[in-house]
Amino acid sequence: MSVRTPTLSPAGAGARPSPARWLVPAVLVLALALLTVAVVTHSRVTLLDARVSGSVPRHGTFPALDRLATLVTTVAQPAANVAVAFAVGVLVAARTRSWRALVPPVAALGLLTATVLLGKTLIGRPGPPGSEVQADWGYFPSGHTTSALVCVGVVALMLTGLRPRWQGRALVLTGAWTLVVGWALVWKHFHWVSDVVAGILLGSLILWLAFRWPLRSRRTPP
């Protein structure tokens, strides 16, 4: 049986890495760094956050959307998502008979936990006024958004390692789910918009690091 660990963009065996492959993580790191500085220094980004939060209707104005947002944020609980992603990784590793397949998802989930908690602790950003949830740590970056992207992305990439033709649709669904989670968090006044954007940037970087570098895989002979 051919064993392959999924990658975001598989490279051919023996292919020399192109310098352009570093463009994606470089852009993600730069964007995340600039956004973090903007939040810490209370720049125009925080003013935009306040305007968006102020324009979002309060709970009870649109009951149907309130219920949908509640359902989404409940399903997107980070702890449950991490457990599901790890379970899928174990199943794929058993299916391929190679525990090497567990390395990228374990790395991704470890990076997710460490970076989100570090950011929340160091920055200690308060949440939007009137938030229904009070966090023990800060709100930046959004752990719900980051875990939604990373965990669903891990599941998608692990499964498309077995069915490569599904990769495009799986990544589209991952992106769509992440955006829905981000909307629900802002709608419920759980997070500022910049918290959600930071979660998307961080989650994308984590997936790239775990599935592309330094763990790029090659096909093994059957």
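Modeller: Helix 7 buries Gln167, Ala170, Thr174, Thr178, Val181, Gly182, Ala184, Leu185, Val186 and Trp187, where buried means under 20% relative accessible area, exposed over 50% and partly exposed in between, with a 1.4 Å probe and protein chains only. Helices here are DSSP runs of H or I with at least four residues, numbered from the N terminus. The model is predicted, so local features need pLDDT of at least 70 and side-chain atom pairs pLDDT 80 or more, while totals for chains, interfaces and linings use all residues. Residues are numbered from 1 along each chain as its sequence is written, and side-chain values use heavy atoms, without hydrogens and water.

Helix 7 runs over residues 167–187. Its 21 residues span 30 Å from first C-alpha to last, close to the expected 30 Å, which is 1.5 Å times one less than the number of residues. Its buried residues pack against helix 2 (44–55), helix 3 (63–75), helix 6 (143–162) and helix 8; contact means heavy atoms within 4.5 Å.

A nonpolar core is a set of buried Ala, Val, Leu, Ile, Met, Phe, Trp, Tyr and Cys residues joined through side-chain atoms within 4.5 Å.

Just after helix 7, His189 has a positive phi of about 60°. His189 is also a contact of Ser53, together with Pro128 and Trp192, when neighbours of Ser53 within four places in sequence are left aside. Ser53 lies in helix 2, and it counts as buried because its relative accessibility is 9%.

Helix 8 (residues 193–211), one of the partners of helix 7, also meets helix 5 (residues 103–123): their axes come within 9 Å and cross at roughly 145°. Axes are lines fitted to C-alpha atoms, for helices over the stretch in contact, with angles from 0 to 180 degrees between N-to-C directions. On the helix 5 side, the residues in contact include Leu111, Leu112 and Thr115, and on the helix 8 side Leu202, Ile206 and Phe211 are among them.

The largest nonpolar core has 30 residues, and Leu112, Val150, Val154, Leu207 and Phe211 touch the most other members. Helix 8 gives the most to this core, with eight residues. Leaving out residues up to four places away in sequence, Val150 touches Ala108, Leu109, Leu112, Gly203, Ile206 and Leu207.

Key. Helix = DSSP H or I, 4+ residues; strand = E, 2+ residues; numbered from the N terminus.
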